[in-house]
Amino acid sequence: MHEVKAVVAKAKGEPVSLETILVPDPGPGEALVQVQACGVCHTDLHYREGGINDEFPFLLGHEAAGVVEAVGEGVTTVAPGDFVVLNWRAVCGDCRACDRGEPQYCFATHNATQKMTLADGTPLSPALGIGAFAEKTLVAAGQCTKVDPEARPAAVGLLGCGVMAGIGAAMNTGNVSRGDVVAVIGCGGVGVAAIAGAALAGAGTIIAVDIDAGKLEAATKLGATHTVNSSETDAVEAIKAIAGAAAGHRGADGADVVIDAVGRPETWKQAFYARDLAGTVVLVGVPTPDMTIPEIPLIDVFGRGGSLKSSWYGDCLPSRDFPMLVDLYRQGRLDLDAFVTEEIAIDGVEAAFERMHQGDVLRSVVVL
């Protein structure tokens, strides 16, 4: 058993606190990881606010990288000393999706069996099965993906959630290809990652849409060729105009792929009408349960054709995607450092939530 410091949300809507928790030695199929860095994600705030479920107390944090300290019986995929990025989808290898060769859609992902607890023995619910705002955490071994140990933990740990969600929304779900016109609505951490993914895929025109000039500037640094401030102009008409100019004599009625990184009915409707005929809409921003699809004539759904998709974790397969993206980072072709706005201590999470609310950061990263 290991006594470590960790960030815990004890009750709905209350500020988080730094607590001593107990982390068991790894059992069969589990790994103990010494956390080196963990990003502060909106999902952690959703947990604190009770927006995920009410299984308090929560051990927060999930965008993490660290070093495997010990493994349990039967673990062969990682070993003590391995530098890993953590993920929240350890595939089972035996469900219908896994059997048909699509493990990124696994129906039975799993987490560690043993519980981490508060010092008094109260069981903790780790955020997304990870709980990495902690000096050490216990996860299923399949949640550990070995990557280049020379990579910067604060940067590559972000692949564990938001950055992978955005890059994957473009490259995996949206199937962006060379020369495509891509629009991304919402340029927070996930949105600018989608822009970076579109650039990696070879998109010819990448349109960033937001109401914040600072976020549009960040989007330009990550690969956007055009920006649209939707507080000043109609986003749909602006996207169509840029797409038409990019297409030249061939004409265009919108972008080939439009990615909604906000996840609201009004932005999804913008994405629907801003795509070209037979274009693709990708929803990667997470809506709340009360939101509904906006009223759109069914003939428009039929007449425009194409695909309406949602992207869950960027349709990623960590064992395939994490090492590749870390290699691109090490080669200077993917600027993961640009996503790290600030590095903070483990007791700075609550203040980081406030900066997130104000839109001042792409990512605050806890460094241990």
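Student: Which residue in β12 stands opposite Ile 185?

Tutor: Ile 185 stands opposite Val 209. Strands are DSSP runs of E, at least two residues, and helices are runs of H or I, at least four, numbered from the N terminus. This is a predicted model: local features need pLDDT of at least 70, side-chain atom pairs 80 or more, while totals for chains, interfaces and linings use all residues. Residues are numbered from 1 along each chain as its sequence is written, and side-chain values use heavy atoms, without hydrogens and water.

Student: In what order do the six strands of the open sheet lie?

Tutor: The order is β13-β12-β11-β14-β15-β16, with parallel pairing. β13 (226–229) and β16 (307–310) are the edge strands, each pairing on one side only.

Student: Which strands does helix α7 touch?

Tutor: Contact means heavy atoms within 4.5 Å. Helix α7 (residues 235–247) touches β11, β12, β13 and β14 (255–260).

Student: Is Leu 298 buried or exposed?

Tutor: Buried means under 20% relative accessible area, exposed over 50%, partly exposed in between (1.4 Å probe, protein chains only). Leu 298 counts as exposed because its relative accessibility is 69%. Leu 298 belongs to helix α9 (residues 298–304).

Terms used
Pairing = 2+ DSSP bridges. Axes fitted to C-alpha atoms, helices over the stretch in contact; angles between N-to-C directions.
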